[in-house]
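Let's take a friendly walk through the pockets, the surface and the charged pairs of this protein. Have the viewer ready and follow along.

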Amino acid sequence: MKWADYDSTVCSVARTVEVLGDRWTLLVLRDVFNGIRRFADLSAHLGIARDVLAKRLAALVEEGLISRVPYQEPGARTRYEYRLTDAGRELRPVLLALLEWGDRHRCDAAGPPAQLFHAECGAPVRVEVRCAEGHEIGPRTRLTAKPGPGSRLAPGSRPGPDSRSAPGSRSAQQATVPTSSP
């Protein structure tokens, strides 16, 4: 099956972009990861309109990436701070990959505005992608996709003659996905 034959609406990337594909959403997550958890602090640090921030926070709560936790200052009404859930914490490699790419391709001549180090050993943090056997997956590594249990044909696609091959055969089960142009 060719990559173009997959229904892109059920793609996990498409579904994730529906949640994270907004600039403010990613910046709110970045700040929560970095310890800014209260509405007023997020609003001040990001310079975001309060209504926009409220919508982004509500969406992140609804999607299960952050939770609202009540707190109360002495003599004040109950307010909420926002903390990452397990699903939210699992986005750390995504944000680190964006940071690393931005440091390489988008920073100014002065260099990266921040550098991250592992608190326990002091080594710089970097993002790596590896297969289950431990091989590094680089920018030019070719990947192969197989239909998963939730895959569907794209609307208007018809299975080609290869799709009737024996179960498990490469032509019936895989699409080659280049990760870069030749």
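## Charged pairs

In this predicted model, Arg126 and Glu128 bring their side chains together in a salt bridge, with 2.6 Å from N to O. Arg126 is exposed because its relative accessible area is 61%, and exposed means over 50%. As a rule, side chains of opposite charge can pair when their charged atoms come close.

The structure holds ten salt bridges. Among them is the one between Asp22 and Arg56, whose closest N and O atoms are 2.7 Å apart. Asp22 sits in the loop between helix 1 (12–20) and helix 2, while Arg56 belongs to helix 4 (residues 50–62), so this pair ties together parts that are 34 residues apart in sequence. Asp22 counts as partly exposed, at 25% relative accessibility.

## A pair within helix 6

Glu100 and Arg104 form another salt bridge, and here the closest N and O atoms are 3.3 Å apart. Both residues lie in helix 6, four residues apart, which is about one turn of the helix. Glu100 is partly exposed at 22% relative accessibility, whereas Arg104 is exposed with a relative accessible area of 54%.

## The largest pocket

How much space lies in the largest pocket? The volume is about 920 Å³. Its lining has 22 residues, and those nearest the centre are Arg30, Asn34, Leu95, Leu96 and Leu99. Helix 2 (23–33) and helix 6 (92–105) are the elements that give two or more residues to this lining. Helix 6 gives the most, with eight residues.

By residue class, the lining of the largest pocket divides into 14 nonpolar, two polar and six charged residues.

## The second largest pocket

The second largest pocket holds about 600 Å³ of space. It is lined by 15 residues, with Arg104, Val129, Ile137, Gly138 and Pro139 nearest its centre. Helix 6 gives the most to this lining as well, with five residues. The classes here are seven nonpolar, three polar and five charged.

## A nonpolar patch

Leu99, Leu116 and Val125 make a nonpolar surface patch of about 200 Å². Leu116 lies in the loop between helix 6 and strand 3 (143–145), and this leucine is partly exposed, with a relative accessible area of 36%. Leu99 is also one of the residues nearest the centre of the largest pocket.

Conventions
Residues numbered from 1 in each chain as written. Predicted model: local features only at pLDDT ≥ 70, side-chain atom pairs only at ≥ 80, totals over all residues. Heavy atoms only, no water. 1 Å grid on protein atoms, 1.4 Å probe; cavity = no way out; pocket = protein on both sides within 12 Å on 5 of 7 lines; lining within 4 Å. Points joined across faces, edges and corners; volume = space filled by probe spheres on them. Nonpolar A, V, L, I, M, F, W, Y, C, P; charged D, E, K, R; others polar. Patch = residues over 30% accessible without salt bridge, like charges linked within 9 Å, V, L, I, M, F, W, Y side chains within 5 Å. Areas by Shrake-Rupley, 256 points an atom, 1.4 Å probe, with all protein chains shown as cover. Salt bridge = Lys/Arg side-chain N within 4 Å of Asp/Glu carboxyl O. Buried < 20%, exposed > 50% of the residue type's maximum accessible area, 1.4 Å probe, protein only.
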